[in-house]
Amino acid sequence: MTAPVTITPLTGIPEVREGDDLADVVQVGLDHAGVHLADGDVVVISSKVASKALGLVTHDPDKDRVVRGESEHVVAERAVGDRVTRVVRAKAGPVMAAAGVDGSNTGDRGGWLLLPHDPDGVCAQVHDALVARHGVRVGVVLSDTAGRAWRVGQTDFALGAHGLRVLDDLRGGTDADGRPLEVTTRAVADEIAAAADLVKGKVAAVPVAVLRGLPDVVLDEPLEGHPRGRDLVRTGPGDWFGHGRVEAVRAALGIEPGSPEAAEVGVAPAAGDSRLDAVSRAVRAALHGVESGTADVGHVSVTLGADSAYELGRLVTRLTTALWCEWLVGEAGPPSADGLSAVVRISGAAQT
């Protein structure tokens, strides 16, 4: 993979309508750009045009309800103004904000566009049609945009793929110095999707690009059995980040993210939190499920009470745990003489 790689935007594609054939859409762009598909080309298509062609649009004004309907489960959630933004495992496969529900570039139809639940199947249909028309090996990637853990900003990734190696597994080989490679597996399909977005993007209104110069990535027949886009999603034991920091702790306390209980306890804001608000959320989380519990909340301490020493111990443990996920530390003093109350002193600063 050391030869030059070119990426050509396919301009001149009109607004896509429900019922349009995606292979026809790509062909319009190819003809307008004067591009003839060559053996080993990869066609990258924005998921938005696939959603439009498949009629995956809803005019339900309640975006939260739409997101819930497109989600398998909530990974993390934060309050932003008067709304709650949720990172979820989408029914389309990946973990992403709002399950990929998007209201931008919807044309005159308006509403919310939804992601196809079988993006690999969409790629397979386009792939087969393009191969039949052009008689060459091609790969097809359906791209979408998402943020990344530990990194600022968004980038495109392969929501679906067909006809190409989505991974380049270098394990068992050696690096340039002859040292063994033990963990390196390149996400080739994601790299292709991100590269193609350099000439596509929401602002430029270019939904398709052709990447040329990586013929070794494109597969020969038969294609069955090769990993595709959904296989790039970590699941089960391989998913080390099934919940966010706050959500993992609160789920262990019986408060699942995205649930009515989470809303009752309160969702942390993405920015601009106050110490008192953070302490108050932790207290509500601690009191959840402890019926006899009481709490007197202050800025530097919380006085807890319960009907029994056992319930008080539960409440103290729950509060110190809940404070940790708010970036605060709770240190319990000795219980009162009757064993039914205790003061938890709080240190640390809430994240702002």
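Against which strand and which helices do the buried residues of H6 pack? The buried residues of H6 pack against strand E4 (71–80), helix H7 (260–265), helix H8 (275–287) and helix H9 (309–324). This is a predicted model, in which local features need pLDDT of at least 70 and side-chain atom pairs count only at pLDDT 80 or more, while totals for chains, interfaces and linings use all residues. Residues are numbered from 1 along each chain as its sequence is written, and side-chain values use heavy atoms, with hydrogens and water left out.

**Helix H6**
- The residues of H6 that count as buried (under 20% relative accessible area, with exposed over 50% and partly exposed in between, for a 1.4 Å probe and protein chains only) are Val-246, Glu-247, Val-249, Arg-250 and Ala-251.

**Helices H1 and H4**
- The axes of H1 (residues 22–33) and H4 (residues 119–134), which are lines fitted to C-alpha atoms over the stretch in contact, with angles from 0 to 180 degrees between N-to-C directions, come within 9 Å and cross at roughly 55 degrees.
- H1 and H4 are therefore oblique to each other, given that angles under 35 degrees count as roughly parallel, over 145 as roughly antiparallel, 65 to 115 as roughly perpendicular and the rest as oblique.
- In contact terms (heavy atoms within 4.5 Å), Leu-22, Ala-23, Asp-24, Val-26, Gln-27 and Leu-30 in H1 meet Val-122, Val-126, Ala-129, Leu-130, Arg-133 and His-134 in H4.

**The aromatic pair**
- The structure holds 1 aromatic pair, a term for rings of Phe, Tyr and Trp (its six-membered ring) whose centres lie within 6.5 Å, with planes under 30 degrees apart counted as stacked, over 60 as edge-to-face and the rest as tilted.
- The rings of Trp-150 and Phe-241 have centres 5.1 Å apart and planes at 80 degrees, so the pair is edge-to-face.
- Trp-150 lies in the loop between strands E8 (138–148) and E9 (151–162), and Phe-241 in the loop between strand E12 (208–212) and helix H6 (245–252), so the pair ties together parts that are 91 residues apart in sequence.
- Trp-150 is exposed, at a relative accessible area of 73%.

**Val-44**
- Val-44 belongs to strand E2 (residues 41–46) and, at 0% relative accessibility, counts as buried.

How values were computed
Helix = DSSP H or I, 4+ residues; strand = E, 2+ residues; numbered from the N terminus.
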